[in-house]
Structure formats: structure tokens, C-alpha cells
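Please keep the sequence and the coordinates at hand while reading.

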Amino acid sequence: MTVAENPTTVAPGTVPLRRNRRFQTLWAGSAAAMLGTCVADTAYPLLLLAMTGSPTLAGAFGAVQFGASVLFGLHGGAVADRHDRRRVLIVADTVRLLTALSVAVALLAHRLTVPHTLLAAAAIGATMAYGGPARMLALRAVVPPEQLRQALSQDELRVNGAALAGPPLAGLLLGLGRAVPFLATVLASAAALGASIAVRFDSGTTDDAADGAADGGKEKGAVFAGLRYLLTDPTLRATVLVTVALNLAGSAMLLAVMVLLRDHGISEAGTGLALTGEAVGGLLGAPLVTRLHRTLAPGTLLLAVAWSAALLFLVPAFAVGPVVVFAALAAMSLGVPALRVMLDVLVFQQVPEAMRGRAVAATMTLLMTGLPVGTMTAGLLLDHLPATTVLPLLAALFAAGLLPLTLGRSLRGTSWPKA
């Protein structure tokens, strides 16, 4: 069996991943950045709610942050293709650090205002748009191809661990003082910046890549080149569309189960614990990545996870309770790490180097767009229908979208690319 066929095979002389200092340093910095983001995403709305008493202003932070991420998302990919990605990452981490520091200082001086926090939201969203593609490609640039799945599986622990620890940590730190969680994000941002400065990596600025990026920068609509590349190839288009649909349907399902639990008298604390099933499932699924990739072809894996999610949408509608919701979300999330790594191996690693940043940014932007669209759709449905009806309806709509891709050849004929 070749290295490409067996993801666990390591070429002779290759340094074990745990001893790859460049990867582990970048990974630690990325973990700090992710944890800081998750803490901030909870702390900022709670702070605005305490300052103003307005749920609308509290929600405005997330809306502004998301809007900035989407607005600058595709351009962030173009910048990653045209410029040294390490420098882009350093600039993004520096802006994030200064933003967190400005909020912490303003709080300590009792001078923080709502416009200041909303400007911070826009800055954070922009750093995600520009730093996100560069950070993703940096982590992937410091490991050999035969260790890619192992490295990406470890990266899934970062994502799901931060999602699980961030919100309760934000609440705990906020209880110690309003400025404390923001001082923590300063430290997290400093750790991320230190890692970005300390590690040198292939920034995709070889002569061929630089020439291609330069030409692309002059080409009309070059910012959309990554999106066009993804949507033109039948296999990549089907892969991305199913992933986006899964993201959209998943966000809609989360709002529906929140309403369902509320209607059955479950406390906010109980609802919060139930929703951690998503992060727990992701943590449990990270060690399964290599096994699932070895057992299933990419298209089969994608469709198996998607159809399982469609069926699991039905569970809370017929057996209501926080334990049931926790179990359904955990089961639904078990295959998500394998899907994210699959998306990387099948899409990001196969896109030409000169376009890779734009392809990553296009995919990230599409996935982010699915979140508010799904939540808004669920909200409109829940205004007119009970949650026990909305969940089966979401499952039916999702299944209807999956059916033509399941019957088609685009996904059924996929195979893992050679290393």
C-alpha cells in the first residue's frame, strides 16, 4: 500500500509530528487565537448587554463581526495569493492584539463606548478574513504530505476544544471583572502573534506562484477566481455545496432545538449544556479522521455524514430533552472533523498554489454565509410553526437537496488524491 493510500504511513527519515517544532508552534499559536476568539464572541455581547441593557446592541456585535468577515473574505484570499502569507498573518495578529488591548485599556479607564466595541467587532471580522486563509495555509505548509491528515486531525482538536472551553471561560472571567476576559484575549493574541513571528514557512511566493498571483491581481474579477474555480469543477462544486448545505441546515437546527427546549421549560443553563454536544462530538470525532478516510472514499464519506445529519434532525422532535439534544448533536458532529480534513485534502491541496488563498477564502466565505441564512430561515419558520414541525421540515428540505447529488456521479466517483 502506498503512502497516498495509507494515511498513517510515514516516509523514512520524516520527523514525527509531535517533534515538528514549526507545526507545533504554529498550532499552539492558532489554538490561542481560536480560544481568544471564542472567549471574545461570548464576552463582547455579554458586556454590551451589561452596559446598555439592549439585546439588539448585544447582537449587533456578532452581526458587525460577521459582516466584516464576509465583506472582506474574498479579498483576504486574493491578498494571501499576492503577498507573503507570513507577513499577512503577522499583520492580522497584530491588529487583533491592538484591538483587544484598546478595549481592555478603555474598560480599565472606564471609557469604553458602544461605537468602540462595534469598531472592535469590525476589526476582528476583518482579521479573520485576512488572517484566516494565511493561518490555514501556514499550518499545512510545515508538514510533509504523508503527515497531512494527522496534522489536520490535531487541528480539529484546536477548533472543537476552543468551541467547548471558550463560552464558559468567558463567563468565568467576566465574573472576575469586566476587563478580565479582554485581558485574556490580549494574552491569547500575543501568543498567536509570537508564533507567527517565530516560525518561517513556505508562503507560496515562488516565482511561478508570484507571477500567477500578479497576473491574477491585474485580471478583472481576480478576487472571484477561487470561487469560479470551485464552482466550475463538478466534483469540487458538489463537495463544497453539500458542505455549505450541511452548515446551513445545522445552524437552522440549532435555533430550532433552542426554541424546543425553551418551550419544554428547560433552563438557559440546561440548554447551553445540551448545545455543547456539538463540540464534544467534534472532539470525539477528531481521532476517527484517519480511520474514516482509510475506510471510505471522499464522496461516500461526505454523503454518509450528510444523510446521518438529516436523520438526526428528527430525533429531538420525537424525544425532547437536553440529554437527547446533546446526544443527537454529538452523534451528528462525529464525522465533521473527517469532513473538514477531507475538504482540505480534496479541495485546498489540489488547487493551484497561485490560487490557493482565494480558494480557501471562497470556501470559508460560503460556509460563514450559511450560518445566518440557516438561522434566519429557521427563525421565519419558527414564527409560524412549532419546533416539532420545523425540525422534520428542515430534515426533508435537506434530504431533497442531497438526493440529486447522491444519485449523480460527481461524488460517487471521487477518490483520494495521491500524496
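## Salt bridges

Asp 81, Arg 85 and Arg 358 are joined in a network of salt bridges, a salt bridge being a side-chain nitrogen of Lys or Arg within 4 Å of a carboxyl oxygen of Asp or Glu. The model is a predicted one, in which local features need pLDDT of at least 70 and side-chain atom pairs count only at pLDDT 80 or more, while totals for chains, interfaces and linings use all residues. Residues are numbered from 1 along each chain as its sequence is written, and side-chain values use heavy atoms, with hydrogens and water left out.

A search of the whole structure finds seven salt bridges, and one of them pairs Arg 140 with Asp 344, whose closest N and O atoms are 2.0 Å apart. Because Arg 140 lies in helix 4 (residues 114-141) and Asp 344 in helix 16 (residues 336-348), this pair ties together parts that are 204 residues apart in sequence; Arg 140 and Asp 344 are both buried. Helices here are DSSP runs of H or I with at least four residues, strands are runs of E with at least two, and both are numbered from the N terminus.

A salt bridge also links Arg 158 to Asp 155, with 2.6 Å between the closest N and O atoms. These two residues are three apart in helix 5 (residues 148-176), so about one helical turn separates them, and both Arg 158 and Asp 155 are buried.

## Nonpolar cores and a surface patch

The largest nonpolar core has 64 residues, of which Phe 23, Phe 313 and Phe 398 touch the most other members; such a core is a set of buried Ala, Val, Leu, Ile, Met, Phe, Trp, Tyr and Cys residues joined through side-chain atoms within 4.5 Å. Helix 9 (residues 234-263) contributes the largest share of this core, 12 residues. Leaving aside neighbours within four places in sequence, Phe 398 has contacts (heavy atoms within 4.5 Å) that include Leu 246, Ala 249, Ala 310 and Phe 313.

On the surface, Leu 98, Leu 101 and Val 105 form a nonpolar patch with about 260 Å² of accessible area together. Val 105 lies in helix 3 and is partly exposed, with a relative accessible area of 48%. Patches are made of residues with over 30% relative accessible area and no salt bridge, like charges being joined within 9 Å and nonpolar side chains (Val, Leu, Ile, Met, Phe, Trp, Tyr) within 5 Å. Accessible areas come from the Shrake-Rupley method with a 1.4 Å probe, and for residues only the protein chains shown count as cover.

## Backbone and confidence

In the loop between helix 3 and helix 4, His 110 has a phi near 60°, a positive value in a residue other than glycine. His 110 is exposed, with a relative accessible area of 73%.

The protein chain averages a pLDDT of 83, and 92% of the residues score at least 70, pLDDT being the predictor's confidence in each residue, from 0 to 100. Confidence is highest in helix 3 (residues 85-108), at a mean of 93, and lowest in helix 7 (residues 207-218), at 44. Over residues 206-218 pLDDT stays under 50, as it does over residues 1-12. Where pLDDT is low, the predicted coordinates should not be read in detail.

Note on methods. Buried < 20%, exposed > 50% of the residue type's maximum accessible area, 1.4 Å probe, protein only.
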